[in-house]
Amino acid sequence: MNGEAMPFSYCVSCFENAEQSVVDSIKAIIQDAVVLVPMLERLEKHNGQWKRKQIKLTPGYVMVYYYGHIPVERIISLSNVNRVLFYYEEKVTGDCHAQSKSYELIGEDRQFAEWIYKNNGVIGVSKAVMDNGSFFSVIEGPLKEFCGSIKRLDKHNRKALVRGLFNNNNYEFWMSFDWA
């Protein structure tokens, strides 16, 4: 997926825990689309050892990447699908104002979708260093590419609370990092 032109990005809202069936249904309709359930890899300590675990980054959402327009009405009609996220675009022609729906993600939503796409749908563990005991620096991994802010840092448990914007809502989640 890396190194090529970015396809259009779309976001499908579905019932939680039905994400994989929605992915399969969309792939049956659009065979050459990339359809992902965004996952987040976390480090968790069990019996004194750090283990990796994957959880859903955005429960109830599926990302669709396609080099064209998706058949929105067919996707909305699928079982377990709530809606396809959209924006209203205002078009002005002379004295006429008209609104139309646009389903392609734009702005910060598109940046978020591209971040997921560039990481093949799995936001893995980043590497970080501590300079002089007080300056935290991410040196590689998805946290370095994140378009948001680090709100809080838990050095002992190797996680950072990050804040971003998606679908006009602030969201926060804990991302794991490993010390380099």
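Some ground rules before the details. Residues are numbered from 1 along each chain as its sequence is written, and side-chain values use heavy atoms, with hydrogens and water left out. Because the model is predicted, local features need pLDDT of at least 70 and side-chain atom pairs count only at pLDDT 80 or more, while totals for chains, interfaces and linings use all residues.

I'll start with the helix. Helices (H or I, at least four residues) and strands (E, at least two) are DSSP runs, numbered from the N terminus. H3 covers residues 107–118, which is 12 residues. From first C-alpha to last, H3 reaches 16 Å, close to the 16 Å expected at 1.5 Å a residue; that expected span is 1.5 Å times one less than the number of residues. Buried residues in H3 include Phe112, Trp115 and Ile116, where buried means under 20% relative accessible area, exposed over 50% and partly exposed in between, with a 1.4 Å probe and protein chains only. Just after H3, asparagine 120 has a positive phi of about 55°.

Now the cores. A nonpolar core is a set of buried Ala, Val, Leu, Ile, Met, Phe, Trp, Tyr and Cys residues joined through side-chain atoms within 4.5 Å. The largest one has 27 residues, and among those touching the most other members are Leu57, Trp115, Phe166 and Met175. Strand S5 (61–66), H3, strand S11 (135–140), S13 and S14 each supply at least two residues of this core. H3 gives the most, with 5 residues. Methionine 175 is in contact (heavy atoms within 4.5 Å) with residues including Leu40, Trp115, Ile123 and Val162, leaving aside neighbours within four places in sequence. There is also a second, separate core of 21 residues, which includes Val23, Val35, Val81 and Tyr103.

Next, serine 126, in strand S10 (residues 126–131). Serine 126 is buried, at a relative accessible area of 1%. Neighbours within four places aside, its contacts include Val138, Pro142, Phe177 and Asp178.

Asp178 brings us to the salt bridges. The count is 6, taking a salt bridge as a side-chain nitrogen of Lys or Arg within 4 Å of a carboxyl oxygen of Asp or Glu. Aspartate 178 pairs with arginine 158, the closest N and O atoms being 2.9 Å apart. This pair links distant parts of the chain, 20 residues apart: aspartate 178 sits in strand S14 (residues 169–179), and arginine 158 in the loop between strand S12 (149–154) and strand S13 (159–166). Aspartate 178 is buried at 17%, and arginine 158 counts as buried at 17% too.

Arginine 52 bridges to glutamate 41, with closest N and O atoms 2.9 Å apart. Glutamate 41 is buried, at 15% relative accessibility.

Arginine 163 and glutamate 172 form another salt bridge, at 2.6 Å between the closest N and O atoms. Salt bridges that share partners join Lys151, Arg163 and Glu172 into one network. Arginine 163 is partly exposed at 33%, and glutamate 172 is partly exposed at 37%.

Last, the cysteines. How many disulfides are there? The count is 0, a disulfide being a pair of cysteine sulfur atoms within 2.5 Å. Cysteine 11 is buried at 0% relative accessible area, and cysteine 14 is buried at 4%.
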